[in-house]
Amino acid sequence: MTFSLNPSLAQLEEARNALGAPLYADLAGDAVVSFEFFPPKTDKMNEALWASVRTLEPLSPRFVSVTYGAGGSTRERTHATVSRIASETNVPAAAHLTCVGASKAEIVEVAQAYWDAGVRHIVALRGDPPVAGTKFEPHPQGYANAVELVAGLKKIAPFEISVSAYPETHPDAASPQSDIDNLKAKLDAGADRAITQFFFAPETFFRFRDRVASAGIDAEIVPGIMPVSTFAATSRMAAMCGTDVPAWMGRLFEGLEELPAARQLVAATITAELCRRLYAGGTRHFHFYTLNRAELSFAICHMLGLRAQRNVLTERAA
């Protein structure tokens, strides 16, 4: 084993922090969070979703969003879930909306229904093809991409709009620069912020944030955080969206397939460390892809200094 005789200042500072106090001790509690859910397919899944919503609600999230299936396959369930969140909780609800399989007239109808239900926030996405592995084809009477969708939504109502961003470049992009250009076009069309695809290295986000700033983009870029429920499922999702899964993650989850409690502890540790490093780099808004499970996200938020608000808990008990 060899030791460096000339550690960098950053290494010395890291060592000082590690020796001085736990990494998560006495954080300011100034972080804000948001959560993503998907619409339930069964009554049992619906119960699990609402248990998660109620568990996370006391953290006073900035908003919660509900996804939209490929080709509009979950349109009605998405609308029902978003509408219920808007009417039965104190949390602002955001609805995902895509270009896939819908004409402009249909999107106007869906967006207007959201506005009438009190939903003021749309997550506007191009969307994935209905059949995995095929090329995206816009509807003949629809929007060709998320840039057009954002512009169209702004004509319907003054929605708050979030769009997607890809720190490791969208799989369909011609180049990293063209992907940045597309992000800028979405923001220029009226989007308020971008939420990134999930990633597993803080440096990935920091490098992307620097590239975005260099492109003249000053909008809020929110990191998307994916707590690892199962390593195999996360790896499959990562492969679909071009996210790098570090080899060390595979080694950490090795042998835990049949040990869900141990796996959850490892997952919480990994994701909390990622968030803590992002926090140290100035990040204050974290968007969690919950997969309709609350425990991991709640634990990580707690370590980031957030605490359940008693007034929300009291209202729920009343």
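Guide: Residues are numbered from 1 along each chain as its sequence is written, and side-chain values use heavy atoms, with hydrogens and water left out. Since the model is predicted, local features need pLDDT of at least 70 and side-chain atom pairs count only at pLDDT 80 or more, while totals for chains, interfaces and linings use all residues.

Visitor: Which way do the residues of strand β6 point, and are they buried or exposed?

Guide: Arg193 and Ile195 point one way from β6 (residues 193-196), Ala194 and Thr196 the other way, and all are buried, a word that means under 20% relative accessible area, with exposed over 50% and partly exposed in between (1.4 Å probe, protein chains only). In a regular strand the side chains alternate between the two faces of the sheet.

Visitor: Why are the buried residues of α8 said to line one face?

Guide: In helix α8 (residues 231-241) the buried residues are Thr234, Ala238 and Cys241. Seen down the axis of α8, they fall within an arc of 70°, so they line one face of the helix; the arc is that of the directions from the helix axis to the C-beta atoms. Arg236, Ala239 and Met240, on the other side of α8, are exposed.

Terms used:
Helix = DSSP H or I, 4+ residues; strand = E, 2+ residues; numbered from the N terminus.
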